[in-house]
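Visitor: I am new to this kind of picture. Could you show me how to read its cross-links and charged pairs?

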Amino acid sequence: QVQLEESGGGLVQPGGSLRLSCAASGRIFSIYAMGWYRQAPGKQRELVANILSGGSTNYAESVKGRFTISRDYAKNTVFLQMNSLKPEDTAVYYCNVGDYTGIHQTYWGQGTQVTVSS
């Protein structure tokens, strides 16, 4: 089993910044992807950004140019730097990790609340 520990959510004013972190631990085999999803009230969970084992990244159109995902491979930790935050970024953010153990396993964090409000 893989455990995910998220941190960094909170309340911020529009235009502000937050940095989310997610550290994976436990029985890790070969992580092939780490990323962040978010879910706002009444909406479906959506991909925010992910980073693959080779270093390539994907971003939702709504966050391109404002958010940056990065990874510390040695510590199995993924970061999401969020700048120029907008009220529509308000959501619960979930860390997601894909681990290849012979089959593809996906793990989710417990979620961290991000609220953008004045």
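Guide: Start with a definition: a disulfide is a pair of cysteine sulfur atoms within 2.5 Å. A disulfide is a covalent bond between the sulfur atoms of two cysteines. Keep in mind that this model is predicted.

Visitor: How many disulfides does a search of the whole structure find?

Guide: The search finds one. Cys-22 and Cys-95 form it, and their sulfur atoms sit 2.1 Å apart. That distance falls within the 2.5 Å cut-off.

Visitor: Which parts does the pair of Cys-22 and Cys-95 tie together?

Guide: Cys-22 belongs to strand E3, residues 18-26, and Cys-95 to strand E9, residues 91-100. The pair therefore ties together parts that are 73 residues apart in sequence.

Visitor: Is the link of Cys-22 and Cys-95 left-handed or right-handed?

Guide: Left-handed, with -80° about the S-S bond.

Visitor: Is Cys-22 buried or exposed?

Guide: Buried means under 20% relative accessible area. Cys-22 has 0%, so Cys-22 is buried. Cys-95 is buried too, also with 0%.

Visitor: Now the charged pairs. What is the general idea?

Guide: Side chains of opposite charge can pair when their charged atoms come close. For a salt bridge, look for a side-chain nitrogen of Lys or Arg within 4 Å of a carboxyl oxygen of Asp or Glu.

Visitor: How many salt bridges does the structure hold?

Guide: Four. One of them joins Arg-38 to Asp-89, with the closest N and O atoms 3.0 Å apart. Arg-38 lies in strand E4, residues 31-39, while Asp-89 lies in the loop between strand E8 (77-82) and E9. So this pair ties together parts that are 51 residues apart in sequence.

Visitor: Which other residue forms a salt bridge with Asp-89?

Guide: Arg-66 does, and here the closest N and O atoms are 2.8 Å apart. Arg-66 lies in the loop between strand E6 (57-59) and strand E7 (67-72), so its pairing with Asp-89 ties together parts 23 residues apart in sequence. Asp-89 counts as buried at 1% relative accessibility. Arg-66 is buried as well, at 10%, and so is Arg-38.

Visitor: Which residues are linked in a network of salt bridges?

Guide: Arg-38, Glu-46, Arg-66 and Asp-89.

Visitor: What about Glu-61 and Lys-64?

Guide: Their side chains meet in a salt bridge, 2.7 Å from N to O. Exposed means over 50% relative accessible area, and partly exposed lies between the two cut-offs. Glu-61, at 62%, is exposed. Lys-64, at 45%, is partly exposed.

Technical notes: Residues are numbered from 1 along each chain as its sequence is written. This is a predicted model: local features need pLDDT of at least 70, side-chain atom pairs count only at pLDDT 80 or more; totals for chains, interfaces and linings use all residues. Side-chain values use heavy atoms; hydrogens and water are left out. Helices (H or I, at least four residues) and strands (E, at least two) are DSSP runs, numbered from the N terminus. Buried means under 20% relative accessible area, exposed over 50%, partly exposed in between (1.4 Å probe, protein chains only).
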